[in-house]
Amino acid sequence: MSATVSDVDTRTAVVARELVKVYGKGDTAVRALDGVSVGFNAGEFTAIMGPSGSGKSTLMHCLAGLDTVDSGIVQIGQTEITQLGDKELTRLRRDRVGFIFQSFNLLPTLSAEGNILLGLELAGRKPDKEWFDRIVSVLGLKDRLKHKPSELSGGQQQRVACARALVASPDVVFADEPTGNLDSRSGAEVLDFLRMSVKELGQTVIMVTHDPLAAAYADRVVLLADGRLAGDLADPTAESVLAALTHLGV
Ligand code: ADP
């Protein structure tokens, strides 16, 4: 059955229906996504987990409009993004989606503040001063705003990336292994912040991780195996996530 915009629950921030993504052709073709249908609630922190090669990054890239699908649809809010052209997709990513990458992806020549505000400036939007101050304060970046990324620790750089992702109040924040390059203490700070942004600021966060300890910060864990949905855990703990992964043969 094909879905229409009106089918989507208003509490649902992102929906994937029957997503198929194939890399390559013929004998060497890989079905990275093999019919994935999943919804992500607004105001919830969801972790996507699964064995290496199970399709986690592909799913995230397709959900965020960073990659195209072969079939199926993705909706962010009321917008079916799989129908959009390049220009509209670029605008949607800029205005309604926040990204946090494993490698921070900050511009080295800009200060922390410049990095945080760049997206808004490119969009010709003025930052909400109160919101900016709140985010910066919660992330403990007040006295680091004039520093360049090279003058900041890894944990501080990732906190700048978190501020950049949240400053435009996006519909959804996608985080791709956000703690992959951090020591455990800095990683825990970033995960605490992501959880807090959901609980107290109402943000929606979808995070790809291979770390059960990181996934335990989420409200829900969606498991993938061989490009298919392989499990769905509510209120995960590191133990329940490990058990589910073990069950998948990881
Ligand atoms: P995960 O993030 O869970 O490790 P990926 O989404 O990166 O998994 O990959 C899923 C499958 O798709 C893997 O078999 C991978 O080798 C393949 N794949 C991913 N990206 C490409 C690509 N650009 N070209 C060819 N195969 C790819």
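1. Serine 54 places a backbone N or O atom 3.1 Å from an oxygen atom of the ligand, a polar contact in the sense of a pair of N or O atoms within 3.5 Å. The model is a predicted one, in which local features need pLDDT of at least 70 and side-chain atom pairs count only at pLDDT 80 or more, while totals for chains, interfaces and linings use all residues. Residues are numbered from 1 along each chain as its sequence is written, and side-chain values use heavy atoms, with hydrogens and water left out.

2. The shell around the ligand, counting residues with a heavy atom within 4 Å of it, consists of Tyr23, Val30, Ala32, Pro51, Ser52, Gly53, Ser54, Gly55, Lys56, Ser57 and Thr58. Helices here are DSSP runs of H or I with at least four residues, and strands are runs of E with at least two, numbered from the N terminus.

3. By class, the shell has four nonpolar, six polar and one charged residues. For this division Ala, Val, Leu, Ile, Met, Phe, Trp, Tyr, Cys and Pro count as nonpolar and Asp, Glu, Lys and Arg as charged, with the others, Gly among them, as polar.

4. The largest pocket holds about 480 Å³ of space, and of the 21 residues that line it, Arg94, Phe99, Leu118, Gly119 and Arg164 are the closest to its centre. A pocket is an open set of points on a 1 Å grid over the protein atoms alone, where a 1.4 Å probe fits, with protein on both sides within 12 Å along at least five of seven lines, and lining residues have an atom within 4 Å of a point. A volume is the space filled by probe spheres set on the points, which are joined across faces, edges and corners.

5. Helix H2 (86-96), strand E6 (97-101), helix H3 (112-122) and helix H5 (154-166) each give at least two residues to the lining of the largest pocket, H3 giving the most with six. This lining divides into twelve nonpolar, four polar and five charged residues.

6. The second largest pocket has a volume of about 190 Å³, and among its 15 lining residues Thr179, Ser184, Leu191, Asp211 and Leu213 lie nearest the centre. Helix H6 (184-199) and helix H7 (212-215) are the elements that give two or more residues to this lining, with H6 giving the most, four residues. Its classes are six nonpolar, six polar and three charged residues.

7. Two backbone angles deserve a look. Serine 169, in the loop between H5 and strand E7 (172-176), has a positive phi near 45° although it is not a glycine. Serine 169 is partly exposed, with a relative accessible area of 42%, where partly exposed lies between buried, under 20%, and exposed, over 50% (1.4 Å probe, protein chains only).

8. Aspartate 226, likewise not a glycine, has a positive phi of about 50° and is found in the loop between strand E9 (220-225) and strand E10 (228-234). Aspartate 226 is exposed, at a relative accessible area of 65%.

Key
Polar contact = N/O pair within 3.5 Å; in protein donor to acceptor, adjacent residues only side chain to side chain.
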